[in-house]
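Student: I am new to this structure and would like to learn how to read it feature by feature. Could you guide me through it slowly?

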Amino acid sequence: MARKSCRAPAATEHTLTCLQTHCGSCGRPMAVADRTQRTITTLQGNCRLILRVRRCRNPACAWYHRAFRPEEEGKWALPHGEFGLDVIALVGMLRYTSHRSIPEIHQALRDRGVQIVERTVTHLLQRYEELVTVHLTDQRRLRNQFKVTTSYWPGLFHCYDQADLPRTNNDQEQYFGSARYLERRTTGCKQASPGMVIRGAVRVVASVASRLHPFSGPELCPTDVTCWRTLRSELNHHHEARRMQYRFRKSPEHYLAALEEKLSKESLPP
Ligand SMILES: [Zn+2]
(Lines give C-alpha, C1' and ligand atoms only; values in the text may rest on other atoms or scores of the structure.)
Protein backbone atom coordinates (compact mmCIF):
# COMPACT_ATOMS: atom_id res chain seq x y z
CA MET A 1 0.00 0.00 0.00
CA ALA A 2 1.39 3.39 -0.98
CA ARG A 3 1.82 6.20 1.49
CA LYS A 4 -1.41 8.17 1.91
CA SER A 5 -0.01 11.37 3.40
CA CYS A 6 2.72 13.82 2.43
CA ARG A 7 6.12 13.51 3.97
CA ALA A 8 6.82 15.83 6.89
CA PRO A 9 8.89 18.89 5.91
CA ALA A 10 12.64 18.54 6.23
CA ALA A 11 13.93 19.44 9.68
CA THR A 12 17.56 19.89 8.63
CA GLU A 13 19.36 21.02 5.50
CA HIS A 14 22.82 20.17 4.18
CA THR A 15 24.59 21.67 1.20
CA LEU A 16 26.88 19.31 -0.69
CA THR A 17 29.39 20.40 -3.30
CA CYS A 18 31.21 18.32 -5.88
CA LEU A 19 34.84 18.04 -4.75
CA GLN A 20 36.11 17.36 -8.26
CA THR A 21 36.76 20.87 -9.57
CA HIS A 22 38.42 20.01 -12.91
CA CYS A 23 37.09 17.98 -15.83
CA GLY A 24 38.58 14.48 -16.00
CA SER A 25 38.65 14.60 -19.80
CA CYS A 26 39.90 18.03 -20.86
CA GLY A 27 41.30 19.17 -17.50
CA ARG A 28 39.54 22.54 -17.54
CA PRO A 29 37.93 23.92 -14.36
CA MET A 30 34.26 23.07 -13.97
CA ALA A 31 31.90 25.65 -12.57
CA VAL A 32 28.82 24.90 -10.48
CA ALA A 33 26.13 24.73 -13.16
CA ASP A 34 23.03 23.49 -11.34
CA ARG A 35 21.61 23.53 -7.88
CA THR A 36 19.22 20.69 -7.25
CA GLN A 37 17.74 19.20 -4.10
CA ARG A 38 16.31 15.98 -2.70
CA THR A 39 14.77 15.03 0.63
CA ILE A 40 15.99 11.94 2.49
CA THR A 41 14.27 10.25 5.41
CA THR A 42 16.87 9.36 8.02
CA LEU A 43 16.63 8.10 11.60
CA GLN A 44 17.13 11.72 12.72
CA GLY A 45 14.15 12.91 10.67
CA ASN A 46 13.72 14.26 7.16
CA CYS A 47 16.72 16.02 5.75
CA ARG A 48 16.98 18.20 2.65
CA LEU A 49 20.16 17.89 0.60
CA ILE A 50 21.08 20.86 -1.54
CA LEU A 51 23.31 19.54 -4.30
CA ARG A 52 25.69 21.74 -6.28
CA VAL A 53 26.32 19.99 -9.57
CA ARG A 54 29.32 20.83 -11.75
CA ARG A 55 29.44 20.52 -15.54
CA CYS A 56 32.19 20.84 -18.10
CA ARG A 57 31.58 23.95 -20.24
CA ASN A 58 34.08 23.11 -22.97
CA PRO A 59 32.08 22.28 -26.18
CA ALA A 60 35.09 20.46 -27.65
CA CYS A 61 35.33 18.09 -24.65
CA ALA A 62 33.99 14.52 -24.79
CA TRP A 63 32.42 15.10 -21.37
CA TYR A 64 30.76 18.36 -22.39
CA HIS A 65 27.75 19.11 -20.19
CA ARG A 66 28.14 15.85 -18.25
CA ALA A 67 26.81 16.29 -14.69
CA PHE A 68 29.14 15.69 -11.74
CA ARG A 69 27.10 15.34 -8.59
CA PRO A 70 28.63 15.73 -5.09
CA GLU A 71 30.56 12.61 -4.08
CA GLU A 72 29.11 12.74 -0.56
CA GLU A 73 25.57 12.20 -1.86
CA GLY A 74 26.19 8.43 -2.06
CA LYS A 75 26.89 8.27 1.68
CA TRP A 76 23.40 9.54 2.42
CA ALA A 77 21.19 7.38 0.23
CA LEU A 78 21.01 5.21 -2.87
CA PRO A 79 20.30 6.87 -6.24
CA HIS A 80 16.58 7.80 -6.34
CA GLY A 81 16.22 6.41 -2.81
CA GLU A 82 13.82 8.04 -0.41
CA PHE A 83 15.34 6.55 2.75
CA GLY A 84 18.85 7.03 4.08
CA LEU A 85 21.44 4.26 4.36
CA ASP A 86 21.13 4.43 8.16
CA VAL A 87 17.46 3.35 7.89
CA ILE A 88 18.45 0.48 5.54
CA ALA A 89 21.18 -0.58 8.00
CA LEU A 90 18.70 -0.56 10.90
CA VAL A 91 16.19 -2.66 8.92
CA GLY A 92 18.92 -5.23 8.15
CA MET A 93 20.12 -5.29 11.74
CA LEU A 94 16.60 -5.80 13.14
CA ARG A 95 16.04 -8.64 10.69
CA TYR A 96 19.33 -10.51 10.87
CA THR A 97 20.56 -9.69 14.38
CA SER A 98 17.33 -9.33 16.32
CA HIS A 99 15.35 -11.83 14.14
CA ARG A 100 12.34 -9.50 13.74
CA SER A 101 9.58 -10.10 11.20
CA ILE A 102 8.59 -7.44 8.64
CA PRO A 103 5.55 -6.18 10.67
CA GLU A 104 7.77 -5.95 13.78
CA ILE A 105 10.45 -3.99 11.91
CA HIS A 106 7.74 -1.71 10.52
CA GLN A 107 6.45 -1.04 14.04
CA ALA A 108 9.98 -0.44 15.37
CA LEU A 109 10.57 2.18 12.66
CA ARG A 110 7.22 3.84 13.32
CA ASP A 111 8.12 3.97 17.04
CA ARG A 112 11.29 5.84 16.09
CA GLY A 113 9.23 8.37 14.13
CA VAL A 114 10.06 7.10 10.63
CA GLN A 115 7.10 7.53 8.27
CA ILE A 116 7.11 4.31 6.29
CA VAL A 117 4.68 1.67 4.99
CA GLU A 118 5.14 -2.05 5.48
CA ARG A 119 5.79 -2.83 1.83
CA THR A 120 8.68 -0.34 1.78
CA VAL A 121 10.27 -2.19 4.72
CA THR A 122 10.43 -5.30 2.50
CA HIS A 123 12.05 -3.25 -0.27
CA LEU A 124 14.60 -1.75 2.14
CA LEU A 125 15.46 -5.21 3.43
CA GLN A 126 16.10 -6.32 -0.16
CA ARG A 127 18.36 -3.28 -0.67
CA TYR A 128 20.23 -4.21 2.54
CA GLU A 129 20.86 -7.74 1.29
CA GLU A 130 22.13 -6.46 -2.05
CA LEU A 131 24.39 -3.81 -0.49
CA VAL A 132 25.95 -6.24 1.99
CA THR A 133 26.68 -8.65 -0.88
CA VAL A 134 28.19 -5.86 -3.01
CA HIS A 135 30.25 -4.70 -0.01
CA LEU A 136 31.61 -8.18 0.62
CA THR A 137 32.40 -8.87 -3.02
CA ASP A 138 34.05 -5.48 -3.61
CA GLN A 139 37.10 -6.42 -5.67
CA ARG A 140 39.32 -3.64 -4.32
CA ARG A 141 38.61 -4.66 -0.72
CA LEU A 142 39.12 -8.33 -1.53
CA ARG A 143 42.46 -7.55 -3.20
CA ASN A 144 43.60 -5.68 -0.08
CA GLN A 145 42.48 -8.50 2.17
CA PHE A 146 44.24 -11.02 -0.02
CA LYS A 147 47.46 -9.00 0.22
CA VAL A 148 47.23 -8.94 4.02
CA THR A 149 46.45 -12.64 4.36
CA THR A 150 49.25 -13.52 1.93
CA SER A 151 51.72 -11.73 4.21
CA TYR A 152 50.67 -14.09 7.02
CA TRP A 153 50.70 -17.08 4.71
CA PRO A 154 53.38 -19.24 6.43
CA GLY A 155 51.62 -20.97 9.30
CA LEU A 156 48.20 -19.45 8.62
CA PHE A 157 46.59 -22.71 7.53
CA HIS A 158 48.17 -25.47 9.58
CA CYS A 159 46.07 -28.08 7.81
CA TYR A 160 48.30 -27.67 4.75
CA ASP A 161 51.47 -28.14 6.81
CA GLN A 162 50.34 -30.99 9.05
CA ALA A 163 49.35 -34.18 7.28
CA ASP A 164 47.20 -35.35 10.24
CA LEU A 165 44.93 -32.29 10.36
CA PRO A 166 41.68 -32.51 8.37
CA ARG A 167 41.37 -29.92 5.61
CA THR A 168 37.70 -29.25 6.05
CA ASN A 169 35.36 -28.91 9.00
CA ASN A 170 32.12 -28.69 7.07
CA ASP A 171 32.15 -24.90 7.17
CA GLN A 172 29.94 -24.67 4.14
CA GLU A 173 27.31 -26.89 5.69
CA GLN A 174 27.30 -24.76 8.84
CA TYR A 175 27.11 -21.63 6.68
CA PHE A 176 23.90 -22.69 4.93
CA GLY A 177 22.53 -24.29 8.10
CA SER A 178 22.79 -21.02 10.04
CA ALA A 179 20.93 -19.15 7.26
CA ARG A 180 18.20 -21.80 7.26
CA TYR A 181 17.92 -21.58 11.05
CA LEU A 182 17.53 -17.80 10.94
CA GLU A 183 14.88 -17.99 8.21
CA ARG A 184 12.90 -20.53 10.25
CA ARG A 185 13.21 -18.45 13.42
CA THR A 186 12.05 -15.22 11.74
CA THR A 187 9.24 -16.53 9.58
CA GLY A 188 8.19 -19.62 11.53
CA CYS A 189 8.19 -21.68 8.29
CA LYS A 190 10.06 -24.96 8.26
CA GLN A 191 10.45 -25.06 4.50
CA ALA A 192 12.46 -22.58 2.46
CA SER A 193 10.30 -19.67 1.30
CA PRO A 194 10.05 -18.81 -2.43
CA GLY A 195 11.90 -15.58 -1.61
CA MET A 196 14.83 -17.61 -0.31
CA VAL A 197 14.96 -19.54 -3.58
CA ILE A 198 14.94 -16.37 -5.70
CA ARG A 199 17.10 -14.14 -3.52
CA GLY A 200 19.22 -16.83 -1.85
CA ALA A 201 22.43 -15.49 -3.44
CA VAL A 202 22.16 -12.26 -1.44
CA ARG A 203 19.96 -13.34 1.47
CA VAL A 204 22.25 -16.09 2.74
CA VAL A 205 25.29 -13.81 2.47
CA ALA A 206 23.53 -10.96 4.33
CA SER A 207 22.18 -13.32 6.95
CA VAL A 208 25.53 -14.88 7.84
CA ALA A 209 27.60 -11.68 7.46
CA SER A 210 25.25 -9.61 9.67
CA ARG A 211 25.63 -12.04 12.54
CA LEU A 212 29.42 -11.71 12.36
CA HIS A 213 29.50 -7.95 11.88
CA PRO A 214 26.70 -5.37 12.29
CA PHE A 215 26.82 -3.09 9.23
CA SER A 216 26.42 0.66 9.66
CA GLY A 217 24.90 3.05 7.11
CA PRO A 218 28.23 4.42 5.77
CA GLU A 219 29.55 0.86 5.33
CA LEU A 220 26.62 0.06 3.05
CA CYS A 221 27.54 2.90 0.66
CA PRO A 222 28.36 1.03 -2.58
CA THR A 223 31.78 1.89 -4.02
CA ASP A 224 30.56 0.67 -7.39
CA VAL A 225 26.93 1.64 -8.09
CA THR A 226 27.00 -0.17 -11.46
CA CYS A 227 27.84 -3.43 -9.70
CA TRP A 228 24.85 -2.97 -7.37
CA ARG A 229 22.54 -2.12 -10.30
CA THR A 230 23.66 -5.24 -12.21
CA LEU A 231 23.05 -7.45 -9.18
CA ARG A 232 19.63 -5.89 -8.63
CA SER A 233 18.58 -6.36 -12.25
CA GLU A 234 19.66 -10.04 -12.14
CA LEU A 235 17.52 -10.59 -9.06
CA ASN A 236 14.59 -8.74 -10.66
CA HIS A 237 14.94 -11.03 -13.67
CA HIS A 238 14.54 -14.07 -11.36
CA HIS A 239 11.52 -12.41 -9.74
CA GLU A 240 9.88 -11.80 -13.11
CA ALA A 241 10.43 -15.43 -14.18
CA ARG A 242 8.79 -16.59 -10.94
CA ARG A 243 5.85 -14.21 -11.46
CA MET A 244 5.27 -15.60 -14.97
CA GLN A 245 5.34 -19.17 -13.66
CA TYR A 246 2.79 -18.23 -10.99
CA ARG A 247 0.48 -16.57 -13.55
CA PHE A 248 0.67 -19.62 -15.80
CA ARG A 249 -0.15 -22.03 -12.97
CA LYS A 250 -3.04 -19.84 -11.78
CA SER A 251 -4.73 -19.56 -15.17
CA PRO A 252 -2.99 -21.28 -18.12
CA GLU A 253 -5.73 -20.22 -20.61
CA HIS A 254 -5.51 -16.52 -19.77
CA TYR A 255 -1.72 -16.61 -19.70
CA LEU A 256 -1.46 -18.27 -23.12
CA ALA A 257 -4.15 -15.99 -24.61
CA ALA A 258 -2.25 -12.90 -23.39
CA LEU A 259 0.99 -14.31 -24.79
CA GLU A 260 -0.66 -15.02 -28.15
CA GLU A 261 -2.08 -11.49 -28.30
CA LYS A 262 1.33 -10.02 -27.50
CA LEU A 263 2.98 -12.10 -30.23
CA SER A 264 0.37 -11.17 -32.86
CA LYS A 265 0.80 -7.46 -32.00
CA GLU A 266 4.56 -7.71 -32.40
CA SER A 267 4.29 -9.55 -35.73
CA LEU A 268 1.91 -6.94 -37.24
CA PRO A 269 3.52 -4.23 -39.40
CA PRO A 270 3.58 -0.77 -37.76
ZN1 LIG B 1 35.78 18.67 -20.21
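Student: Let me begin with a pair of helices: which residues in H3 meet which residues in H4?

Tutor: Before I answer, please note that this is a predicted model, in which local features need pLDDT of at least 70 and side-chain atom pairs count only at pLDDT 80 or more, while totals for chains, interfaces and linings use all residues. Residues are numbered from 1 along each chain as its sequence is written. Two residues are in contact if their C-beta atoms, placed from the backbone, lie within 7 Å. Here Ile102, Pro103, Ile105, His106 and Leu109 in H3 meet Glu118, Val121 and Thr122 in H4.

Student: At what angle do the axes of H3 and H4 cross?

Tutor: Axes are lines fitted to C-alpha atoms, for helices over the stretch in contact, and angles run from 0 to 180 degrees between N-to-C directions. The axes of H3 and H4 cross at roughly 105 degrees and come within 9 Å. Angles under 35 degrees count as roughly parallel, over 145 as roughly antiparallel, 65 to 115 as roughly perpendicular and the rest as oblique. H3 and H4 are therefore roughly perpendicular to each other.

Student: How many helices and strands are there in the protein chain?

Tutor: Helices (H or I, at least four residues) and strands (E, at least two) are DSSP runs, numbered from the N terminus. The protein chain has 10 helices and four strands, and from the N terminus on its elements run β-β-β-β-α-α-α-α-α-α-α-α-α-α.

Student: Which residues of helix H3 are buried?

Tutor: A residue is buried if 20 or more other C-beta atoms lie within 10 Å of its own, exposed if 12 or fewer, and partly exposed in between, with C-beta atoms placed from the backbone. In helix H3, which spans residues 102-111, the buried residues are Ile105, His106 and Leu109. They cover an arc of only 100 degrees around the axis, taken from the directions from the helix axis to the C-beta atoms, which puts them on the same side of H3. These buried residues pack against helix H2 (85-96) and helix H4 (118-136), whereas the face turned away from the buried side carries the exposed residues Pro103 and Asp111.

Student: Which residues have the most contacts inside the largest nonpolar core?

Tutor: A nonpolar core is a set of buried Ala, Val, Leu, Ile, Met, Phe, Trp, Tyr and Cys residues joined through C-beta atoms within 7 Å. The largest one has 34 residues, and those with the most contacts inside it are Val87, Ile88, Val91, Val121, Leu124 and Tyr128. The elements giving two or more residues to this core are S3, H2, H3, H4, helix H6 (171-187) and helix H7 (194-212), and the largest share, eight residues, comes from H2. Apart from it lies another core, of five residues, among them Cys18, Cys23, Met30 and Phe68.

Student: Where does Cys23 lie, and is Cys23 buried or exposed?

Tutor: Cys23 lies in the loop between S1 and S2, and it is buried, with 21 other C-beta atoms within 10 Å. Not counting residues up to four places away in sequence, Cys23 touches Arg28, Met30, Cys56, Asn58, Cys61 and Trp63. Cys23 and Trp63 are 40 residues apart in sequence and 7.8 Å apart in space, C-alpha to C-alpha.

Student: In which sense do strands S2 and S3 run?

Tutor: Two strands pair if DSSP finds at least two bridges between them. Strand S2 (residues 31-42) and strand S3 (residues 45-55) run antiparallel and are joined by 11 bridges, with a hairpin joining S2 to S3 through two residues and Thr41 standing opposite Asn46 in S3. S1 and S3, by contrast, pair in the parallel sense over six bridges, and Thr15 stands opposite Ile50 in S3.
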